Amino acid sequence: MGVQAIFDHAVTLTLAILCLSFLVTVYRIIKGPTLPDRILGLDMLVAIAIGFIAVIGIKTGYTLYIDVAIALGLVGFLATVAFARFVLSRGKTEDDILTEVRQAATDARKAAKAKAKADARAATKTRPASGKTGAATGKGSQP
Amino acid sequence: MNEIVTLVSAAFLLIGSLFALVASVGLLRLPDLYTRMHAASKAGTMGACLMLIALAVHSGDVGTVSRALAGVVFFLLTAPVSSHLLAKAAYSVGYRLHKSSVRDEMAPEVEK
Amino acid sequence: MSLFLVNVLLALAWSAVTGSFTFLNFAFGFVLAIFALSLIREQVGSVGYFSRAWRVISLFLLFVYELVLSAWRVAVLVLSPRMEIKPGIIAYPLKVDRDFEITILANLITLTPGTLSVDVSDDRRILYVHAIDASDPDATRRDIADGFERKIMEAFR
């Protein structure tokens, strides 16, 4: 019976180690600076999940779990391939997107400033003629 | 005989889970995407395969063993393909190597 | 390939004659069929079959050995307290030219110590390999050429 006790302890220890590695990988997925890092983390999660399924299959004695593991491996592979296609078709890195967004924000600010200036000029021009209403429209059109 | 099989299965389980742990620690510690890919595609695959083999050894009947081996072969075939696709996509989109990299002989090819 | 079929058919015949289709009996029949084919290797021209089978098996054994070694090396690298790595991408000139062989070589390179195939150039001459230690690219190129590429060319040509 000693062997069986050792085996039970080994299964428990394996589950604990797998949980630890699962948590570490999830931390990388949450923190991961770029999208490919997160995809790699998800790929790794699939491998760890297959490990979990194998351990649970041994623990419960249902060998049907191995079909689940194979199917999960297939789905994980297809998911990674699809994500790689997505990275390729998006065609830019996080840095590119950041610079683009910053550029767009600067442009928008500049445009708004120019528009405000033009509106103000128009308002000062129209104020003597139409009085209060011209100033009100000038204020209203300001972003 | 039965006891030896049980012990071997337990050893495979422990070693496989340790490799999975090593792979995830590598994912955490290594500096950039490409070096992390080394950890995930080698140690991670190895860990999952070892645990499937442990299941095969433990069950011992033909159907389960053949299905487990099919799973192992399938995993060994797909893991390099997916990591290769990801590396290729990431490089061609423009994710650069970490600054500790010493050479990049692919750079002139992409700029062309 | 047809000889492999004959081999399987002989093993099936053995299972049918002995009347038990268990895995062990089939494997025994397979071994018996290999023995029978090796007896008449001069007549049916199966000399190449045996040497090729041996080369494929030795490629597989090399692959398993390198996979274990590479997982071990990654483990040592990751668990060492100060990681001093010099990663980089190396261009490897391919000698094999068929799609099938390039695929196998790229897959094997990914699962071996310290290297990861990233891309193949459009003219299929150059394989770009990411190495975790690229301080000596010539040694890496030599390792691939003397290890897997030679074995692949032996096994499939």
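The stops below follow the meeting of two chains.

Before we start: this is a predicted model, where local features need pLDDT of at least 70, side-chain atom pairs count only at pLDDT 80 or more, and totals for chains, interfaces and linings use all residues. Residues are numbered from 1 along each chain as its sequence is written, chains are lettered from A and ligands numbered from 1 in the order in which they are written, and side-chain values use heavy atoms, with hydrogens and water left out.

**Stop 1: the whole interface.** Select chains B and C. Here 35 residues of chain B touch 41 residues of chain C, contact being heavy atoms within 4.5 Å. Together the two chains bury about 3300 Å², 71% of it on carbon and sulfur atoms; buried area is the accessible area (1.4 Å probe) that two parts lose on being put together, summed over both. Now pick Arg29(B), His38(B) and Lys42(B): they supply 20% of the area that chain B buries against chain C, more than any other three residues.

**Stop 2: a salt bridge.** Show the side chains of Lys88(B) and Asp119(C), which form a salt bridge at 3.1 Å, N to O. The rule (a side-chain nitrogen of Lys or Arg within 4 Å of a carboxyl oxygen of Asp or Glu) finds one across this interface.

**Stop 3: paired strands.** Which way do strand 1 of chain B and strand 1 (residues 88–93) of chain C pair? They run in the parallel sense, over two bridges. Strands are DSSP runs (E, at least two residues), numbered from the N terminus, and two pair if DSSP finds at least two bridges between them. Finish on Asp104(B), which stands opposite Ile89(C).

Definitions and conventions: Helices (H or I, at least four residues) and strands (E, at least two) are DSSP runs, numbered from the N terminus.
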